Amino acid sequence: MRIFDPHIHMTSRTTDDYERMAAAGVRALVEPAFWLGQPRTSPASFTDYFDSLVGWEPFRAGQFGIRHHATIALNPKEANDPRCRPVLDLLPRYLDKDGVVAVGEIGYDSMTPEEDEAFAAQLALAVAHDLPALVHTPHRDKARGVERSLAVVRESGIDPGRVVLDHLNEVTVKLARDTGCWLGFSIYPDTKMSPPRMVEILREHGTERMLVNSAADWGRSDPLLTRATGEAMLMAGFSDDDVDRVLWRNPVEFYGQSGRLDLAEPDLADADGPAGTFAGNSILRGGS
Amino acid sequence: MTPEHLRTALRGVPDPDWLDTALRQVADEPATITRFFPAAGRRCGRAALPDAPGWTADEAARALLLATLPGDHARYADTLYRQGDAAEKRAVLKALPLLPIGPDAVPLLHDAIRTNDTRLLAAALGPYARHLDAAAWRQAVLKCVFTGVPLAVVADLDARADGELAAMLTGLADERHAAGRTMPADATDLLDRLTAGSGRPTAAREA
């Protein structure tokens with residue numbers, strides 16, 4: 001089973017997780033920029049974070065043969081903090097990077113006027129940089145949040161086929177199914193979605209434009225729930241091809257719209273030595 | 001390696017017109033380099049260049065963009081390194097020996113050597129590392145051994161390696177052996193060369 005996790009916050013995960021993910025079949029992932037639990041207080045804090053998403057994390061993932069990509073944005077929660085707003089001006093330089101395959105996570109947290117403004121401005125950036133957009137839907141007041149997000153997407157003029165609405169569930173999938181947007185589902189141990197519930201949604205709504213992710217982060221979450229969902233699909237009678245579509249071909253198709261998805265085997269040895277000579281550095285070895 | 005050599009080696013990249021245009025624009029309007037630089041991998045590819053051993057297409061294209069600047073090389077190298085992703089940082093490091101900047105970019109080497117990204121560490125130890133002082137250079141070489149970077153990436157290795165580096169390598173070898181672990185063969189070979197004739201046969205000590 002080859003797996004592309006289209007939404008996972010590896011910054012918050014250990015190197016052991018990379019090892020377990022690789023063993024479970026994860027070959028590629030997208031790490032969206034988001035909040036970190038502890039609120040940030042200055043744009044410089046964001047640049048260090050964004051730099052790690054296009055520097056250190058891809059290197060760390062590469063040690064385990066996993067291709068790492070990122071989405072970059074000012075997240076909705078911190079868009080409300082005037083100290084963080086200047087981050088919007090820093091985004092264009094990151095949206096030019098090879099590993100950045102979408103603008104995200106954008107959208108709503110508490111549906112404030114500040115969030116409205118940041119959401120619309122960043123959808124415009126996605127259009128200007130010819131990138132897809134990853135839209136986080138709010139955890140509170142979710143159904144109205146999804147409706148309002150869809151309205152903002154429509155107003156922006158972005159092609160809905162280049163937008164994914166994430167963290168959907170049984171209620172909100174109905175609002176988004178016929179909009180032309182992609183539909184994202186985050187599989188969590190207790191909240192959001194579970195593998196059996198996800199299987200029911202796939203039975204009812206099919207596999208087209210469906211993205212399944214672990215959204216694993218610093219909270220109670222599990223980077224292997226993509227694999228568990230694939231297994232639950234097989235148990236429920238879906239074919240290997242169905243599983244491959246949901247867990248690999250769909251995310252490749254969605255993020256491939258950026259033109260920047262690079263799924264070649266990681267080659268860290270590059271020009272300085274025979275292949276593999278120093279791919280096995282101290283991360284794999286646990287330090288010297 | 002010279003910019004002219006890289007230019008020749010880059011004939012046959014997927015989008016040669018893009019590179020021609022980018023080089024012309026950077027010569028005329030230097031500030032445009034900040035948009036061309038990140039795009040070079042997508043436009044020129046990332047494959048190793050057969051006619052420029054040790055260079056990939058994206059590195060060579062980025063080095064050429066830097067070398068084409070009419071001036072301010074050190075300032076642009078600093079900005080592009082600090083605002084770059086890992087591949088851009090690596091390209092800046094590899095370009096440094098081709099630029100008329102003297103020792104001005106040494107802080108970038110220190111930054112690269114501080115990271116745990118072995119690709120950056122390796123790129124920091126090319127010919128431009130002649131500007132590193134002895135203490136920093138020895139620590140960087142030791143870090144290569146420690147993190148498994150082959151010593152073949154280190155420019156002027158035998159000319160610069162000294163007794164102090166030998167002492168540091170011996171200390172690492174002692175720790176490794178005490179832990180039942182081995183040293184990379186290229187480090188053991190270097191240590192043998194450094195201690196040959198000094199009356200300290202390291203091979204016997206390591207047995």
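Visitor: In what order do the eight strands of the open sheet in chain A stand?

Guide: The model is predicted, and the sheet described here belongs to chain A. Its edge strands are β1 (3-5) and β8 (210-213), each of which pairs on one side only. The pairing is parallel, and the order is β1-β2-β3-β4-β5-β6-β7-β8.

Visitor: What is the average twist from one strand to the next?

Guide: The sheet of chain A is open and its eight strands pair in parallel. From one strand to the next, the twist averages 25°.

Visitor: Which strands does helix α10 of chain A touch, and what angle does its direction make with that of β1(A)?

Guide: Helix α10 (residues 225-235) packs on the sheet. It touches β1, β2 and β8 of chain A, and its direction makes with that of β1(A) an angle of about 130°.

Visitor: What angle does the direction of helix α11 of chain A make with that of β8(A)?

Guide: Helix α11 (residues 240-256) also packs on the sheet. The strands it touches include β3 (67-72), β4 (100-107), β6 (163-166) and β7 (182-186) of chain A. With the direction of β8(A), that of α11(A) makes an angle of about 110°.

Visitor: Which elements are included in what covers the buried residues of α10(A)?

Guide: The buried residues of this helix are A:Leu225, A:Thr226, A:Arg227, A:Thr229, A:Gly230, A:Ala232 and A:Met233. What covers them includes, in chain A, β1, α1 (15-24), β2, α9 (195-205), β8 and α11.

Visitor: Which residues of α9(A) and α10(A) make the contact?

Guide: The crossing of these two helices is right-handed. From α9(A), the contact is made by A:Pro195, A:Pro196, A:Met198, A:Val199 and A:Leu202. From α10(A), the residues are A:Leu225, A:Ala228, A:Thr229, A:Ala232 and A:Met233.

Visitor: How is α5(A) placed relative to α6(A), roughly parallel or oblique?

Guide: Helix α5 (residues 87-95) and helix α6 (residues 113-128) of chain A have axes 11 Å apart and pack at an angle of about 25°. Angles under 35 degrees count as roughly parallel. The angle therefore makes α5(A), relative to α6(A), roughly parallel.

Visitor: Which residues of α5(A) and α6(A) make the contact?

Guide: α5(A) passes α6(A) in a right-handed crossing. On the side of α5(A), the contact is made by A:Leu88, A:Leu91, A:Pro92 and A:Leu95. On the side of α6(A), it is made by A:Ala118, A:Ala121 and A:Leu125.

Visitor: Over which residues of chain A does pLDDT stay under 50?

Guide: Chain A averages a pLDDT of 91, and 92% of the residues score at least 70. Where pLDDT is low, the predicted coordinates should not be read in detail. In chain A, pLDDT stays under 50 over residues 267-288.

Visitor: How many helices and strands are there in chain B?

Guide: The C-alpha atoms of chain B fill a box of roughly 60 × 30 × 25 Å. Of its 207 residues, 41% are buried. The elements of chain B number 13 helices and zero strands.

Key: Residues are numbered from 1 along each chain as its sequence is written. Chains are lettered from A and ligands numbered from 1 in the order in which they are written. This is a predicted model: local features need pLDDT of at least 70, side-chain atom pairs count only at pLDDT 80 or more; totals for chains, interfaces and linings use all residues. Two strands pair if DSSP finds at least two bridges between them. Helices (H or I, at least four residues) and strands (E, at least two) are DSSP runs, numbered from the N terminus. Axes are lines fitted to C-alpha atoms, for helices over the stretch in contact, and angles run from 0 to 180 degrees between N-to-C directions. Two residues are in contact if their C-beta atoms, placed from the backbone, lie within 7 Å. A residue is buried if 20 or more other C-beta atoms lie within 10 Å of its own, exposed if 12 or fewer, and partly exposed in between; C-beta atoms are placed from the backbone. pLDDT is the predictor's confidence in each residue, from 0 to 100. Angles under 35 degrees count as roughly parallel, over 145 as roughly antiparallel, 65 to 115 as roughly perpendicular and the rest as oblique. A crossing is left-handed if the near helix is turned anticlockwise from the far one by less than a right angle, and right-handed if clockwise.
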